Amino acid sequence: MTKQLTLMIVHAHPDDEVIPTGGLLARCADEGIRTVLVTCTDGSQGFGPDFVNSGEPGHDPSDVAAVRKIELERSCAALGVTHIELLGYRDSGMEGWEANKHPDAFCRADLEDAAQRLATLIEHYRPDVLITYGNNGGSGHPDHVNAHLITLLADDLTQIASKLYFVIRSSEFAERVLIEREKITIPNQKPESGRSIPRPQFDHLVTTRIDTRSTISRKKEALHAHLSQLNGSHWVYLSDDALERVFVEETYIRARDKTGASLPESDIFAGLRP
Ligand SMILES: [Zn+2]
C-alpha cells in the first residue's frame with residue numbers, strides 16, 4: 001500500500017486558512033489527502049460582539065477566542081480539513097497594539113521553543129508538503145511573520161517535508177477582487193476596510209498555480225463561517241457570481257524542494273505522487 005500524502009499548512013489566526021489556501025485544502029479533501037491545519041494563535045484580538053475592537057468596552061479576548069475557535073472548526077468542516085492543531089499563542093494584534101506587550105502574545109514567544117512545538121507536530125504527521133507565508137508574513141502582521149519563521153526553523157529541525165511553499169497574493173487576484181468590489185456598495189464601511197488592496201510586485205516568484213474552481217462553494221462556506229470578523233468587509237457582500245470569478249485559483253511560491261519536479265507546476269504534490 002502506498003503512503004497517504006499529507007499536507008500541513010501553518011497559519012497565524014483562525015480565518016487565515018480560507019482565502020489563500022481554502023481551495024487547495026478542499027481539493028485535497030476530494031482526493032483523500034490528509035490535511036493538517038496548524039493555527040498559531042487564538043485570534044483573541046479580532047472583533048468582539050457587535051464588532052467592537054480590542055481594548056474597547058465589551059471586548060473580552062477570551063470570549064473572542066472561544067467564538068473564533070468554533071468558527072475555525074466550522075470553516076475546517078466546510079473545507080474537509082482532516083486535522084486541526086492549535087498552538088494556542090495569544091493573538092498579538094496589529095503591530096503597535098497594546099496586545100503586543102502581553103506575555104503570552106505570539107510576537108513575544110521564544111521562537112526556538114515555538115519551532116520545537118511545530119517540529120513535534122511535523123514528526124507526528126510527517127507532511128510531504130509544508131505551506132506558510134513568505135518572509136514578511138505576507139502582510140507584515142507580527143503573528144504572520146512568526147508563523148513564517150517557526151515553519152522554516154521547524155523544517156530545518158525535522159527535514160521531513162519534501163516541499164515547502166509560501167502563499168502569495170498575485171496581482172491578478174488583487175485585480176479580480178478590486179473589480180468585483182467596485183461593483184458593490186458596502187454598508188457601514190469602516191475607513192480601514194476601504195483601503196486599496198496592495199498590488200503585489202512579486203508575480204514573477206509564483207511557481208505554482210492551483211485551479212480551485214471546483215471548490216468555490218466550499219471556500220465561500222468557510223469564509224462565511226468566520227462571520228464575527230467580517231464587519232464592513234467586501235467579502236460578506238460579494239455575490240456568489242462574484243466569488244466564482246475571484247476564487248478561480250490559488251498561487252504559491254515553491255521555496256524548498258527535494259523532488260526536482262519541473263516548474264511551473266499546477267499540482268502541489270508534483271514529484272510526490274506514486
Ligand atoms: Zn492573520
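This is a predicted model: local features need pLDDT of at least 70, side-chain atom pairs count only at pLDDT 80 or more; totals for chains, interfaces and linings use all residues.
1. I33 counts as buried because it has 20 C-beta neighbours inside 10 Å, where a residue is called buried if 20 or more other C-beta atoms lie within 10 Å of its own, exposed if 12 or fewer, and partly exposed in between, with C-beta atoms placed from the backbone. I33 lies in the loop between helix 1 and strand 2 (34-41); helices (H or I, at least four residues) and strands (E, at least two) are DSSP runs, numbered from the N terminus. If neighbours within four places in sequence are left aside, the contacts of I33 are L5, L7 and C28, a contact being a pair of residues whose C-beta atoms, placed from the backbone, lie within 7 Å.

2. Residues are numbered from 1 along each chain as its sequence is written.

3. Turning to the overall fold, the protein chain has eight helices and seven strands. Its radius of gyration is 18 Å, close to the 19 Å that the globule rule gives for 274 residues, so the chain is as compact as a globular protein of that length; the radius is taken over C-alpha atoms, and the rule is 2.2 Å times the number of residues to the power 0.38. The C-alpha trace spans about 55 × 45 × 35 Å along its principal axes, and 41% of the 274 residues count as buried. Among contacts with a separation of 6 or more, 79% are accounted for by residues 24 or more positions apart.

4. The largest nonpolar core has 53 residues, and those with the most contacts inside it are M8 and L118. Helix 1 (residues 18-31) contributes the largest share of this core, namely five residues. Such a core is a set of buried Ala, Val, Leu, Ile, Met, Phe, Trp, Tyr and Cys residues joined through C-beta atoms within 7 Å. Beyond its neighbours within four places in sequence, L118 is in contact with V10, V38, I150, T151 and A154.

5. Helix 1 has 14 residues and reaches 19 Å from its first C-alpha to its last, close to the 20 Å expected at 1.5 Å a residue, the expected span being 1.5 Å times one less than the number of residues. Because 10 of its 14 residues are buried, helix 1 is largely enclosed by the rest of the structure; the buried residues include V18, P20, L24 and C28. Just after helix 1, G32 takes a positive phi of about 75°.

6. R27 deserves a separate remark. This residue is found in helix 1 and counts as buried because it has 23 C-beta neighbours inside 10 Å. With neighbours within four places in sequence left aside, R27 is in contact with I210, T212 and T215, while the C-alpha atoms of R27 and G80, 53 residues apart along the chain, are separated by 8.9 Å.

7. In strand 5 (residues 163-167), five of the five residues are buried, so this strand is largely enclosed by the rest of the structure. K163, Y165 and V167 point one way from strand 5, and L164 and F166 point the other way. Strand 4 (residues 129-133) and strand 5 run parallel and are joined by five bridges, where strands are taken to pair if DSSP finds at least two bridges between them; the partner of Y133 in strand 5 is V167. The chain crosses from strand 4 through helix 4 (residues 142-158) to strand 5, and this β-α-β crossover is right-handed, meaning that, with the strands pointing away from the viewer, the path from the first strand over the helix to the second runs clockwise. Strand 5 and strand 7 (residues 249-257) run antiparallel and are joined by five bridges, and in strand 7 the bridge partner of K163 is D257.

8. Two further places complete the note. The buried residues of helix 6 (residues 216-225) are R218, K219, K220, A222, L223 and A225, and they pack against helix 1, helix 2 (61-79), helix 7 (234-237) and helix 8 (240-246). F202 lies in the loop between helix 5 (171-181) and strand 6 (208-211), and counts as partly exposed because it has 14 C-beta neighbours inside 10 Å.

Technical notes:
Two residues are in contact if their C-beta atoms, placed from the backbone, lie within 7 Å.
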